[in-house]
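Dear colleague,

Please find the structure we spoke about below, followed by a summary of what was found in it. I would be glad if you could read the notes with the coordinates open beside them.

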Amino acid sequence: MDKLQIIEKLKSIIKPYVKEDTAFENLNENTDFISDLRINSANLVDIILDIEEVFDIVIDNQSMEKMLDVKTTLLIIETKLNEK
Amino acid sequence: MIGNDIVDLALTRKESNWKRKGFLDKIFTLNEKKMIFASENPELTVWNLWSRKEAAYKIYNRYSKVRAFNPIRLECFNRQMNENVFLGEVYYNNQSFFTSTIITVDYVYSIAVANKLDFNKIKSIDSQYIVKDSNGIPYNYLTNSPVSISHHGSFVMKIQLDFES
């Protein structure tokens, strides 16, 4: 899976939880889930669970701590995919 | 130091499925899960403990400037319960925060303080006195008092630590 495919999958995962559509349309690596997309923090748990399901990976608590923006989340997904 | 967090129960029933597989495991420790399933109303206990963690995290974030999404590392302990007010403690990184939580039919609301005596110094604050620093942390620009804001669904709670009282 290349980076673009990962980004597309990630976008479809986070879309249902987004409260700021404009920020979502302009999504880039620096987009923050909470301050830009206004995602409710309880829904961050859903995003983590969706990522685990869609990519068939396990997100440990240490990784989850850092998953507040697109850039870090992509990095963690890539790392976990490479470990498979 | 203060933090607060409100959960609009009607909205949360729409937005979150706490029964989803794996959901509780990402947020709660084994002891907390025991508290949830031993309680009369597991749903309310989920949001009760969640709001305490969020409120305590806001204090940590305020002084450390560290952002992290690590609810499972903030562990809640019950201390006392009178009527609908739950008093508790949240442990995180070898620190202890004190929490007070009220539950109504419409919402769950927690306030966390670093110093127990600060519970008596909490007052509400009007938006016109609130500004945010470069880290996005709110304070009262007239008195420099720390402010915490929580907004969810139909509810907004804005509080400050009033040093005068």
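Between chain A and chain B an area of about 1700 Å² is buried, with carbon and sulfur atoms giving 52% of that area; buried area here is the accessible area (1.4 Å probe) that two parts lose on being put together, summed over both. Please bear in mind that this is a predicted model, in which local features need pLDDT of at least 70 and side-chain atom pairs count only at pLDDT 80 or more, while totals for chains, interfaces and linings use all residues. Residues are numbered from 1 along each chain as its sequence is written, chains are lettered from A and ligands numbered from 1 in the order in which they are written, and side-chain values use heavy atoms, with hydrogens and water left out.

The contact (heavy atoms within 4.5 Å) takes 21 residues from chain A and 19 residues from chain B. Across this interface the rule finds 7 salt bridges, a salt bridge being a side-chain nitrogen of Lys or Arg within 4 Å of a carboxyl oxygen of Asp or Glu. A:Asp46 forms a salt bridge with B:Arg20, where the closest N and O atoms are 3.0 Å apart. On the side of chain A that touches chain B, helix H3 (41-55) and helix H4 (61-66) of chain A each supply at least two residues, and the largest share, 11 residues, comes from H3(A). Helices (H or I, at least four residues) and strands (E, at least two) are DSSP runs, numbered from the N terminus.

Within chain B, the axes of helix H3 (residues 30-38) and helix H4 (residues 42-64) come within 7 Å and cross at roughly 145°; axes are lines fitted to C-alpha atoms, for helices over the stretch in contact, and angles run from 0 to 180 degrees between N-to-C directions. In this packing B:Glu32, B:Met35 and B:Ile36 of H3(B) meet B:Pro42, B:Thr45, B:Val46, B:Leu49 and B:Lys53 of H4(B).

Chain B also holds an open sheet of 3 strands in the order S6-S10-S9, with antiparallel pairing, where two strands pair if DSSP finds at least two bridges between them. Strand S6 (122-124) and strand S9 (147-152) of chain B are the edge strands, each pairing on one side only. S9(B) and strand S10 (residues 155-161) of chain B pair in the antiparallel sense over 6 bridges, and B:Ser150 stands opposite B:Met157 in S10(B).

With best regards
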